[in-house]
Amino acid sequence: MARAIHLAKKGRYSTDPNPRVGCILVRDGAIIAEGWHVKAGEGHAEVEALKQVQDVQGATAYVSLEPCSHHGRTPPCCDALIKAGVSRVVAAMQDPNPEVAGRGLERLKAAGLEVSCGVLEADAMALNPGFIKRMTRQRPLVRSKLAMSLDGRTAMASGESKWITSAQSRADVHELRARSSAILTGINTVMADDPALNARVDFNAVQPLRVVLDTQLQMPVNAQMGGLPGRSLILTTSANEHRMKRLQQAGFEVHRLPERQGRLDLHEVMAFLAGQQINELLVEAGSTLNGALLTENLVDEWIIYMAPCILGDQGRGLFKLPGMHGMSDKKALKLSDVRQVGPDLKLTLTPN
């Protein structure tokens, strides 16, 4: 199973919106074939493993996720395993997809196969946190990436911020982008920086969807992301059809969502993105949006790169949080990981 999970990790940058899955076939104590899911629309891990060998009679299949039992872009993996003559299936975890959710294991049992589930389950769950959250909570896993100085500043008072952190940290961020289904930012960041929001990496990766929250539909029609390959979405509450049409002609998709207190309802945003099959969402935004996400408790992981430099007390902060007056108002987070990236520290924090 450890080998199957290792294989599944190869799909970290390419399987969206599908989960990352690995499979090995074992007979007489030896691995006879192995496979992993490479890309949505292509063969699932079990099918890829079965392709590698002609005779699998009596073999055991170790798979990092319950074999599917429904017709999607590809036929059910359960049927392929049964037809091939596999006698035993060991799954690391049950599929959280309601269309499967135990039905695959039951179908295998009904066909006379020996079935067990739960081997290295925690490791398997760590492969697909976004897929699991989307299937069980109808929202993506949300990570927010921030970069700050030692004194907690994200930019100078003028807004100048290039570059607080090192080249090594910026490369690490591009790898984080590559494993994300989508990157979310706010219109203020677009107006200030005109970001590309793409993953610039030296390996094959499916480029993330680009998403901009733009309540009043202020997006410049010449913003660079509109001309890049892939999808660029603008989420708005505005009913200005003229602006919508111009932006659509410039290459953007525009979607109108409900508002709350004069701004986009962030819970509706997350539900919408789940509907777009977004598993892992990376937020790269300023203090206003990050403050709102923190207030609404919508971020699952805060990833903060801290550089050993000082920007001074006039610099800009990480979060805009009006109404915090006493220590009882503080937002407590749990530090789950600390590591050094070049000269910087990378802190990963989760909600308490």
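This is a predicted model: local features need pLDDT of at least 70, side-chain atom pairs count only at pLDDT 80 or more; totals for chains, interfaces and linings use all residues.
Strands of a sheet pair through backbone hydrogen bonds, and the pairing is either parallel or antiparallel. The sections below take the pairs in turn.

## Strand E1 and its two neighbours

Strand E1 covers residues 22–27 and is joined to E2 by six bridges, the two strands running antiparallel. Another bridge links cysteine 23 to glycine 35 in E2. E1 and E2 form a hairpin, with two residues between them. Aspartate 28, in the turn, has a positive phi of about 55 degrees.

E1 also pairs with E3, again in the antiparallel sense, through four bridges. Here valine 26 has threonine 60 in E3 as its bridge partner. Is E1 mostly covered or mostly exposed? Five of its six residues are buried, so the strand is mostly covered, where buried means under 20% relative accessible area.

## Strands E3 and E4

The pairing of strand E3 (residues 60–63) with strand E4 (residues 88–91) is parallel and runs over four bridges. Alanine 61 stands opposite valine 89 in E4.

Two packed helices are described by the angle between their axes and the distance between the axes. For helix H3 (residues 77–84) and H4, the angle is about 20 degrees and the axes are 9 Å apart. Angles under 35 degrees count as roughly parallel, and H3 and H4 are therefore roughly parallel to each other. Their crossing is right-handed.

Which residues of the two helices meet? From H3 come Cys78, Asp79, Leu81 and Ile82, and from H4 come Gly104, Arg107 and Leu108. The residues of this contact divide into four nonpolar, one polar and two charged.

Serine 64 is in the loop between E3 and H3. Its relative accessible area is 2%, so serine 64 is buried. Leaving out residues up to four places away in sequence, serine 64 touches Met1, Ala4, Ile5, Ala8, Arg20, Val21, Gly22, Ala92, Met93, Ala124 and Leu127.

How far is the C-alpha atom of serine 64 from that of alanine 2? The two atoms are separated by 8.7 Å, while the residues are 62 residues apart along the chain.

## Backbone exceptions

Most residues other than glycine have a negative phi, and most peptide bonds are trans. Some places in the model depart from this pattern.

The peptide bond from aspartate 16 to proline 17 is cis, and its omega is near 5 degrees. Proline 17 belongs to the loop between helix H1 (2–8) and E1.

Leucine 120 is not a glycine, yet its phi is positive, at about 55 degrees. Leucine 120 is placed in the loop between E5 and helix H5 (121–127). With a relative accessible area of 36%, leucine 120 is partly exposed. Glutamine 277, also a residue other than glycine, has a positive phi near 65 degrees. The loop that holds glutamine 277 runs between helix H10 (266–275) and strand E13 (280–283). Glutamine 277 has 40% relative accessibility and so counts as partly exposed.

Note on methods: Residues are numbered from 1 along each chain as its sequence is written. Side-chain values use heavy atoms; hydrogens and water are left out. Two strands pair if DSSP finds at least two bridges between them. Axes are lines fitted to C-alpha atoms, for helices over the stretch in contact, and angles run from 0 to 180 degrees between N-to-C directions. Angles under 35 degrees count as roughly parallel, over 145 as roughly antiparallel, 65 to 115 as roughly perpendicular and the rest as oblique. A crossing is left-handed if the near helix is turned anticlockwise from the far one by less than a right angle, and right-handed if clockwise. Contact means heavy atoms within 4.5 Å. Ala, Val, Leu, Ile, Met, Phe, Trp, Tyr, Cys and Pro count as nonpolar, Asp, Glu, Lys and Arg as charged, and the others, Gly among them, as polar. Buried means under 20% relative accessible area, exposed over 50%, partly exposed in between (1.4 Å probe, protein chains only).
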